[in-house]
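Please study the sequence and the structure before reading each solution.

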Amino acid sequence: MANNQSVRRHLDALPEVESLGNYVGGLFARRPVRCVPLTSAHRRRRSLWCREHRNWRDNEWGRVLFTDESRFSLSSDSHRILIWRERRSRNHPSNIIERDRYGGRGVFVWGGIMLGSRTDLHIFDAGSVNGTSYCNEILLPYVRLFRGAMGLQFLFMDDNAPCYRKIAAEQLLESEDIERMDWPARSPNLNPIEHVWDFLGRCLAARTLPPVTIRELRLALQDEWAAMPQQLIDTLILSMGRRCETCLAVRGDHVPY
């Protein structure tokens, strides 16, 4: 059986093969896109939502506080699965791995973004969030503050996590006259803040001295959040119209955002 060196020489001799590294015969070695699983019902609901919001103007998106939570870990993903795919085929269904999020040793954070502004980055001391902590640590100190500053035009976006939909949270929002945006389930790639989490992760990885303790991780996240350019946030929010159009084009399926 030929060894790896002889195989490499054979492939390099073929005219259509440029290298054995990340490109072979028009195919590129890339990590598959990881998305949450979608059912046909999820796709229909995503399409309906995008149809209702596709023509929103910038000032309408500008009144929305987009929020989300994320988990950051001290360890990187060591399961670096590669697939061979053609250029510009990143979001083809065959190149997508559907899976739910999973945790790990790290910190659990929450943040909110909107045109021209953002909340502080909140780190949950308990390492997770439930209905009570969501009301006391998020809705009262952050969301109520933005509602007070913006008035009746304010629109609050959060996803459909069970802890967000507790009766206590619903009652608090009603008592504070905070309008909650209807949001389609399983749609993180429609939420512009997902790119903010990716940006923070890249900033952490690019640090000369990456955090090695939980305390260092907390401080680094808060520093990077505060230093994040507002222009980046504004650009992401103003992409919402294109996200809706793209999602409609694929009938509610995964979109390249």
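A salt bridge is a side-chain nitrogen of Lys or Arg within 4 Å of a carboxyl oxygen of Asp or Glu. The model examined here is predicted.

**Exercise 1.** State how many salt bridges a search of the whole structure finds.

*Solution.* With the above criterion, the search finds twelve salt bridges.

**Exercise 2.** Determine which parts of the chain are tied together by the salt bridge of glutamate 176 and arginine 144.

*Solution.* Step 1: the two side chains meet at 3.5 Å, N to O. Step 2: glutamate 176 lies in the loop between helix H5 (167-175) and strand E11 (179-180), whereas arginine 144 belongs to helix H4 (residues 131-150), so the pair ties together parts that are 32 residues apart in sequence. Step 3: glutamate 176 has 26% relative accessibility and is partly exposed; arginine 144, at 38%, is also partly exposed.

**Exercise 3.** Classify aspartate 158 as buried or exposed, and name the network to which Asp158 belongs.

*Solution.* Step 1: buried means under 20% relative accessible area. Step 2: aspartate 158 has 0% and is therefore buried. Step 3: its salt-bridge partner, at 3.2 Å (N to O), is arginine 165, which is partly exposed at 29%. Step 4: a network of salt bridges links Asp158, Arg165, Glu170 and Arg180.

**Exercise 4.** Locate the partners of the salt bridge between aspartate 223 and arginine 207.

*Solution.* Step 1: the N to O distance is 4.0 Å. Step 2: aspartate 223 lies in helix H7 (residues 214-227) and arginine 207 in the loop between helix H6 (193-206) and H7, so parts 16 residues apart in sequence are tied together.

Definitions and conventions
Residues numbered from 1 in each chain as written. Predicted model: local features only at pLDDT ≥ 70, side-chain atom pairs only at ≥ 80, totals over all residues. Heavy atoms only, no water. Helix = DSSP H or I, 4+ residues; strand = E, 2+ residues; numbered from the N terminus. Buried < 20%, exposed > 50% of the residue type's maximum accessible area, 1.4 Å probe, protein only.
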